[in-house]
Amino acid sequence: MAKSLFEEKLSSGKFLVTTEVGPPKGTDISELVHHIDLLKDRVDAINVTDHQSSVMRYPSLGGCLLVKERGGEPILQMTCRDRNRMALEADLLLADSRGIHNVLALTGDSVDIGDHPEVKPVFDIESVQLIRMIRTLESGKDAAGNDLKGAPSFCIGASVHPGADFIEPQLIKFEKKIAAGAQFFQTQGVFDLASLRRFMQYASQFNVKILAGIIVLASARMAKYMNENVPGIIVPKEVVEELATAEKGKGLQKGIEIAVRLIRGIREERLCDGVHIMAVGNERIVPEIIERAIEERVPSQGR
Amino acid sequence: MIVAEQKPVDEIERMIVPYERVLILGCGTCVTVCNAGGEREVSFLREALQLAAAKNAGESHVFSEYTVKRQCDEEFLDPIAPQVETVDAVLSLGCGVGVQSLAARFPDTVVLPGVNTSFLGMAQEVGIWDERCTACGDCRLDETAGICPITRCTKGILNGPCAGTKNGKCEVNKEMDCAWILIYRRLERLGQLDKMRRYYPPRNYRPIPRPRRIRAFAKLAPVGGNHG
């Protein structure tokens with residue numbers, strides 16, 4: 001039996017679409033709920049980010065509970081930055097008991113880049129070890145080898161960076177994540193099909209599902225900012241230049257156009273198993289991207 | 001060696017306000033090499049503090065200076081006992097170990113830290129020291145080509161680089177090499193990339209609870225438990 005609805009979809013052969021929502025900084029969850037409602041029936045699963053970019057927010061687990069409540073399929077993003085093994089295990093037990101059975105196991109960004117640079121970074125374990133730990137919990141034992149009364153079960157995802165400027169060490173880690181038990185990958189932002197093609201030539205030998213990360217850029221300035229400041233993001237020069245051609249105020253439309261083109265390209269070439277759309281603050285435009293790229297309607301005029 | 005950095009003079013000034021007679025005590029070992037607390041720094045600091053005290057009318061200090069070979073060794077502290085007895089406070093330019101060693105040796109004297117003890121490291125070039133060892137108590141340098149990921153990777157992770165690395169540099173500092181890229185390149189050069197493909201389990205933090213103690217003879221002469 002599949003561990004989750006999303007795991008079932010992973011083996012369905014269908015082109016998968018996931019997206020992500022970022023919880024609020026504070027207790028006002030109205031916008032988060034609005035985004036969940038907007039997206040839950042349009043995608044195969046919704047990731048909830050875990051203090052993305054090391055900025056303190058409402059927790060991923062809380063967001064996943066909301067996704068469940070609203071009838072969506074959540075993917076719990078779990079980083080090792082803020083919790084040691086005990087805390088991670090406890091959150092996994094809670095997640096399982098509340099019907100959250102998809103986890104994206106991540107190491108997490110450094111605290112230095114976020115809004116609490118003075119806190120103690122934990123990193124008791126990292127992504128590969130987290131995946132193994134989840135599999136250990138599933139076997140009925142905790143990380144210290146003690147018996148559990150009731151074992152959780154998870155469909156485990158991980159991250160990989162096809163566009164890394166030095167790919168070999170990343171590929172070694174990718175294989176270690178697979179050996180540890182990762183079933184699917186949501187990649188870091190992909191901005192050109194060539195790098196994804198190269199990556200898939202290598203990755204397709206493994207029995208895992210790959211969802212290409214699509215970051216929707218809203219302007220050339222944002223792309224440059226991300227290149228400078230966001231770990232691992234490499235927006236190619238051509239993409240920055242294309243964004244720069246957008247008229248004032250039309251940057252996001254250009255970004256949508258680029259995302260739609262990428263997703264269509266991926267589907268046409270059957271490059272990988274799906275896409276993971278990251279709209280970074282512009283969640284409202286995700287349905288439009290899906291309509292134009294996946295549902296194959298003719299784009300309405302004026303776009 | 002232990003690398004330290006002298007505290008800002010104004011911080012030291014505030015620290016010594018209550019004490020009239022202050023002995024500025026240097027250390028002739030690590031902090032001398034890293035230009036933080038040797039004989040030369042003691043004398044510069046004395047001049048700086050005297051100048052500052054002169055500006056602040058009403059504040060009077062009597063400074064004396066001395067540098068011992070090693071503050072962390074009691075045998076080098078015994079000879080300065082008479083001098084210490086004549087002052088209100090000792091401003092130590094030794095590392096944190098030196099400060100505590102003085103405090104233990106002179107229970108009736110106030111001891112103040114004049115440097116921030118930073119790390120275990122080495123000189124990279126003149127005037128630049130880099131951290132190399134965390135003293136984690138569980139050395140794995142055989143597995144990582146002699147480059148320590150626990151110290152030199154900002155996350156201290158064990159199974160390869162995170163995805164934040166760009167141009168071989170770290171996500172938190174564009175000037176700082178990514179330890180895992182260095183490890184990869186050196187393992188490749190040594191023909192030992194299989195070491196990077198291995199899975200490394202989570203660290204055992206049990207050797208690390210503080211404070212740690214090493215008994216030199218414990219392993220040479222085991223007591224009891226002869227399973228032969």
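**Close-up 1. Contact between chain B and chain A in the predicted model.** Here 24 residues of chain B meet 29 residues of chain A. On the chain B side, two elements give two or more residues each: helix H8 (179-189) and helix H9 (194-197) of chain B. H8(B) gives the most, with 3 residues. By class, the side of chain B that touches chain A has 13 nonpolar, 7 polar and 4 charged residues.

**Close-up 2. Packing of helix H9 (residues 237-244) against helix H10 (residues 251-269), both of chain A.** The axes lie 9 Å apart, at an angle of about 135°. H9(A) is therefore oblique to H10(A). The crossing of H9(A) past H10(A) is right-handed. From H9(A), A:Val239, A:Glu242 and A:Leu243 make the contact. From H10(A), the partners are A:Gly251, A:Lys254, A:Gly255 and A:Ile258. The contact residues divide into 3 nonpolar, 2 polar and 2 charged.

**Close-up 3. Buried residues of helix H6 (residues 96-105) of chain B.** The buried residues are B:Gly98, B:Val99, B:Ser101 and B:Leu102. They lie on the same side of H6(B), because they cover an arc of only 165° around the axis. Residues three or four places apart point the same way, since an α-helix has 3.6 residues a turn.

**Close-up 4. Cover over the buried residues of H6(B).** The covering elements of chain B include three strands, S2 (21-27), S4 (89-92) and S5 (110-113). Helix H4 (74-77) of chain B is also among them.

Key: Residues are numbered from 1 along each chain as its sequence is written. Chains are lettered from A and ligands numbered from 1 in the order in which they are written. This is a predicted model: local features need pLDDT of at least 70, side-chain atom pairs count only at pLDDT 80 or more; totals for chains, interfaces and linings use all residues. A residue is buried if 20 or more other C-beta atoms lie within 10 Å of its own, exposed if 12 or fewer, and partly exposed in between; C-beta atoms are placed from the backbone. Helices (H or I, at least four residues) and strands (E, at least two) are DSSP runs, numbered from the N terminus. The arc is that of the directions from the helix axis to the C-beta atoms. Two residues are in contact if their C-beta atoms, placed from the backbone, lie within 7 Å. Axes are lines fitted to C-alpha atoms, for helices over the stretch in contact, and angles run from 0 to 180 degrees between N-to-C directions. Angles under 35 degrees count as roughly parallel, over 145 as roughly antiparallel, 65 to 115 as roughly perpendicular and the rest as oblique. A crossing is left-handed if the near helix is turned anticlockwise from the far one by less than a right angle, and right-handed if clockwise. Ala, Val, Leu, Ile, Met, Phe, Trp, Tyr, Cys and Pro count as nonpolar, Asp, Glu, Lys and Arg as charged, and the others, Gly among them, as polar.
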